[in-house]
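Me: I've got a structure here that I'd like to talk through with you. Let me put it up first.

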2 protein chains.
Amino acid sequence: MTNLAKQINDSPLMRSYIEGKRVAITGGCGFIGSHIVDLVALCNPEKIIVIDDLSAGTTLIFIEPYIESGLVEFHQKDIRDKVAMAQLLASTPVVFHLAAQPSVPFSVNNPYEDFMINVVGTQNILEALRVHENPLLVFAASGGTIYGEAEIIPTDEKYKLEPISNYGAAKAASEMYLSSYSSLYNFRTISLRLGNIYGPRSSHGVMYDFYHKLMKTPESLEILGDGQQKKSYLYIADVLNAVDLLVSKELNGFNAYNVASRRSTSVNEIADIIIDFLSLKSEKAFTGGNRGWKGDVIHAEGDIQKLVSLGWEAKTTISEGIKVYIASLQS
Amino acid sequence: MTNLAKQINDSPLMRSYIEGKRVAITGGCGFIGSHIVDLVALCNPEKIIVIDDLSAGTTLIFIEPYIESGLVEFHQKDIRDKVAMAQLLASTPVVFHLAAQPSVPFSVNNPYEDFMINVVGTQNILEALRVHENPLLVFAASGGTIYGEAEIIPTDEKYKLEPISNYGAAKAASEMYLSSYSSLYNFRTISLRLGNIYGPRSSHGVMYDFYHKLMKTPESLEILGDGQQKKSYLYIADVLNAVDLLVSKELNGFNAYNVASRRSTSVNEIADIIIDFLSLKSEKAFTGGNRGWKGDVIHAEGDIQKLVSLGWEAKTTISEGIKVYIASLQS
């Protein structure tokens, strides 16, 4: 199991802040969450509490070595369980909150269930942390959905939030509470307004779908919409660098950061890169319309200047990243 | 019972839109809600459904004549009751959603209860309306709290939301869903980003408190904070005009409007106006600090240009409005 966090830097910048602390990671069995477990594990924490309900096909596979070594204490719990969250976080002042219903289409078709997981669930985490003096909450928000169809692209963190999907609304709504809790109860909060994150261990998203479609029918590739939708795709290792840097800064109050690539890439270009990497000659078949699905933002691109000004820069190009990711799916 | 809506204009602009429709007003027994009932009643609706849990000392007094005439159907229900909301709104495509936990300090001290009422409650209303083809939701948001401590004053609707109280977070969070539901499910939504609204029937807020303190001890007036906190106070009749105008425009999608006075007024000035109106010579005693309470925004002032461009203008000055209001408290 490739440990990207360790490959990047086996002595993270945030180590001095994390060392000796109990740290919880919700959604720690999932794609981004399990990489964060790897990152935190490098920081000599007292204990890592992983909270995951193992929904959506996630397993213990990525964190198993840590469970065996005793570093990770695993709890199969749903973040909607307020009592469980309060118990698990009662002595855990640092939380990376990654657990979420991750699908925009699901949020559109099941708005209340999505709301209960992504808004009420996050509220349960905030409430559980309120017992601590100066807790840290790092939250996975979504730069690709919270701004909606922004008129200014790239879109910076001061731009108004006007989501067009419930997934985006949930992330934006939760940010409102990160803001108030930071002001009222001495929370440190970091909202990672993530672009479309991809890389090893991810089992959803356009690249994952394209790869599996091509394995099934290499001669043609169905592309939802017209393929012109453009998003800020970012390789997971660059996210880990951003998280490490932001936590190391020990920022006070509420802090929102776009974490995205400098340029957006169209779905069509991604298809070309994957087809090329697999040495195929697939015909592309577009389903038509300018959105992949209801609630899909046609062009999402975060302005990353705020994060760059702290010294961060994405190190992996989209074609390099896709190749590593697709290779990981092949193996 | 003074009917301000009727005094302003007994043939509202929004009549052609409302006429013949079933219209629900949550919080319709309260201050703003009951004035909206008066306004809607002038528009010849098929039926007005008033939903109110009669908490916080509200009674049926303001809507009793309409219940007797059969125009209003009253339901004592809590907006947290999702099943009841779905039933009551199943054939009611127009909702004025005023029901809320109204206190910033309560929201700070009881964050989860406030969240359940003001966020989950609003979500229940949105979900209930989703069965309709093209529903209208008019929502009482809060221009005085959702922007937090804005760096630009007056603050326009494009300014980012960064609330410092849970009350403000709840209103901002709900707006995120008004935005997504408008985009996804063909809702018309109007978010009234209200300043501090005052006038007859209001039984909370700084003017109400000052009046009652002065009745008890006329020789001195305790003022929370340093009295320099400035807010956009707006007389209720001017709110009714704004609501009437906005509904009459039959706007599509999500629409946020600051509804506030052109200038903000300090708490200290309000104290002076009331002391003067009551012909008292009270000493003012400040409790100190620059906020009235935790989560209090020191200077909140909405930029009203967007609403003014539709033809609205506040017609009542602060001193005129306060006099009418205090006189109503005396009678």
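Me: Leaving aside its neighbours within four places in sequence, what is Tyr177(B) in contact with?
Reply: Tyr177(B) touches Ala169(A), Ala173(A), Gln123(B) and Leu126(B), once neighbours within four places in sequence are left out. Contact here means C-beta atoms, placed from the backbone, within 7 Å. Bear in mind that this is a predicted model, where local features need pLDDT of at least 70, side-chain atom pairs count only at pLDDT 80 or more, and totals for chains, interfaces and linings use all residues. Residues are numbered from 1 along each chain as its sequence is written, while chains are lettered from A and ligands numbered from 1 in the order in which they are written.

Me: Is Tyr177(B) buried or exposed?
Reply: Tyr177(B) counts as buried because it has 28 C-beta neighbours inside 10 Å. The cut-off for buried is 20 or more other C-beta atoms within 10 Å of the residue's own, with 12 or fewer for exposed and partly exposed in between, again with C-beta atoms placed from the backbone.

Me: Which helix is Tyr177(B) in?
Reply: Helix H8 of chain B. Helices are DSSP runs of H or I with at least four residues, strands are runs of E with at least two, and both are numbered from the N terminus.

Me: How do H8(A) and H8(B) cross?
Reply: Both helices cover residues 166–185, and their axes come within 8 Å and cross at roughly 170°. That makes H8(A) roughly antiparallel to H8(B). Axes are lines fitted to C-alpha atoms, for helices over the stretch in contact, with angles from 0 to 180 degrees between N-to-C directions; under 35 degrees is roughly parallel, over 145 roughly antiparallel, 65 to 115 roughly perpendicular and the rest oblique.

Me: What sort of residues meet there, between H8(A) and H8(B)?
Reply: The contact divides into 10 nonpolar, eight polar and no charged residues. Nonpolar covers Ala, Val, Leu, Ile, Met, Phe, Trp, Tyr, Cys and Pro, charged covers Asp, Glu, Lys and Arg, and the others, Gly among them, are polar.

Me: And how many residues of chain A are in contact with chain B?
Reply: 31 residues of chain A, in contact with 31 residues of chain B. H7 (111–129) and H8 of chain A each supply at least two residues of the chain A side, and H8(A) gives the most, with 11 residues. That side divides into 17 nonpolar, nine polar and five charged.

Me: Switching topic: what's the strand order in the open sheet of chain B?
Reply: The seven strands run S3-S2-S1-S4-S5-S6-S11, with parallel pairing. Two strands pair if DSSP finds at least two bridges between them. S3 (72–75) and S11 (253–259) of chain B stand at the edges with a single partner strand each, so one side of each has no neighbour in the sheet.

Me: How many bridges join S1 to S2 in chain B?
Reply: Five, between residues 22–26 and residues 47–51. Arg22(B), for one, stands opposite Lys47(B) in S2(B). Helix H3 (residues 31–41) of chain B packs on this sheet, touching S1, S2, S3, S4 (94–97) and S5 (136–142) of chain B.

Me: How many residues of H3(B) are buried?
Reply: 11 of the 11, so H3(B) is largely enclosed by the rest of the structure. Among them are Phe31(B), His35(B) and Asp38(B).

Notes. Contact = placed C-beta atoms within 7 Å.
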